[in-house]
Amino acid sequence: MGEQHSTEDELVALEHEWAQAVLENDMDKLEHILAQEYTLAANNFPGGKTRLSRQEWMVTVPLYEVHSYELRNIVVHPYGDVAVVLAHLELQARVQGEDRSGSSTLADVWVKREGRWQVAMRSSIFTPQAPGA
C-alpha cells in the first residue's frame with residue numbers, strides 16, 4: 001500500500017511541476033517530463049487537427065501567454081510502471097492574441113523507465129470560457 005501511496009504522491013507532484021514548467025516556459029523541465037513519444041490529443045487545435053506530436057507541442061509552449069493554470073481533482077490510477085492520471089484544468093491564457101481560456105478534462109498516461117516517470121500521452125477535452133466570463 002505504501003508504494004501505491006508514494007506513486008500517487010509522486011505523480012501528483014509531477015503534474016504540478018509540468019503545470020509550473022508551462023507557466024514559466026521552462027523548456028528544460030518540459031524536456032525532462034515529456035517522453036520522446038509524447039502525443040497530445042485534444043479537441044481545440046486550430047485548423048481541425050486532433051493530435052500534436054511532442055515536437056509540435058513544444059513549439060507552441062513559448063507562444064502561450066499563461067495567466068493561470070490550475071489543476072484540480074487529480075486522481076492517480078497506478079498500474080505498475082504505467083499510470084493514468086485524471087484531472088480538471090482551469091486555464092486563463094492567450095496564444096498569439098487568441099483567447100484560449102477555459103476548462104479541460106485531462107487524462108495523462110505516465111510511464112516509468114529507468115526509475116523515473118515521464119508523461120507519454122495526454123488527452124484533453126476542452127470547453128472554452130464563455131465570452132465576457
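1. A polar contact here is a pair of N or O atoms within 3.5 Å; within protein, one of the two must be able to donate a hydrogen and the other to accept it, and residues adjacent in sequence count only if both atoms are side-chain atoms. By that criterion the side chain of Q118 reaches the backbone oxygen of H32 at 3.0 Å.

2. The model is predicted, so local features need pLDDT of at least 70 and side-chain atom pairs count only at pLDDT 80 or more, whereas totals for chains, interfaces and linings use all residues. Residues are numbered from 1 along each chain as its sequence is written, and side-chain values use heavy atoms, with hydrogens and water left out.

3. On the overall fold, the chain holds three helices and seven strands, where helices (H or I, at least four residues) and strands (E, at least two) are DSSP runs numbered from the N terminus. Their order along the sequence is α-α-β-β-α-β-β-β-β-β. The radius of gyration is 15 Å, close to the 14 Å that the globule rule gives for 133 residues, so the chain is as compact as a globular protein of that length; the radius is taken over C-alpha atoms, and the rule is 2.2 Å times the number of residues to the power 0.38. Along the principal axes, the C-alpha atoms fill a box of roughly 45 × 30 × 25 Å.

4. Buried residues make up 37% of the 133 residues, with buried meaning under 20% relative accessible area, exposed over 50%, and partly exposed in between (1.4 Å probe, protein chains only). Of the contacts (heavy atoms within 4.5 Å) with a separation of 6 or more, 53% are between residues 24 or more positions apart.

5. The largest nonpolar core has 29 residues, and those with the most contacts inside it are L11, W18, L30, L34, W57, Y69 and W110. Helices α1 (2-24), α2 and α3 (54-60) and strands β1 (34-42), β3 (64-79), β4, β6 and β7 each supply at least two residues of this core. Such a core is a set of buried Ala, Val, Leu, Ile, Met, Phe, Trp, Tyr and Cys residues joined through side-chain atoms within 4.5 Å. In soluble globular proteins, nonpolar side chains tend to be buried together. L30, leaving aside neighbours within four places in sequence, is in contact with W18, A21, V22, R54, W57, M58 and V61.

6. Turning to strand pairing, two strands are taken to pair if DSSP finds at least two bridges between them. Strands β4 (residues 82-95) and β6 (residues 102-113) pair in the antiparallel sense over 10 bridges, with A87 standing opposite L106 in β6. Strands β6 and β7 also run antiparallel, joined by 12 bridges, and W110 has V119 in β7 as its bridge partner.

7. Q118 lies in strand β7 (residues 116-128) and is buried, with a relative accessible area of 11%. Not counting residues up to four places away in sequence, Q118 touches E31, H32, I33, L34, A35, V109, W110, V111 and R113. One of these, I33, belongs to helix α2 (residues 27-33) and is buried at a relative accessible area of 2%. With neighbours within four places in sequence set aside, I33 contacts L14, E17, W18, W110, Q118 and V119; the C-alpha atoms of I33 and L14, 19 residues apart along the chain, are separated by 7.9 Å.

8. Two backbone angles deserve a look. Most residues other than glycine have a negative phi. E114, however, takes a positive phi near 50° in the hairpin of β6 and β7, which has two residues between the strands, and E114 is exposed, with a relative accessible area of 85%. N73 also has a positive phi near 50°; N73 is placed in strand β3 and is exposed, with a relative accessible area of 63%.

9. A13 is partly exposed, with a relative accessible area of 36%, and the C-alpha atoms of A13 and V59, 46 residues apart along the chain, are separated by 24 Å.
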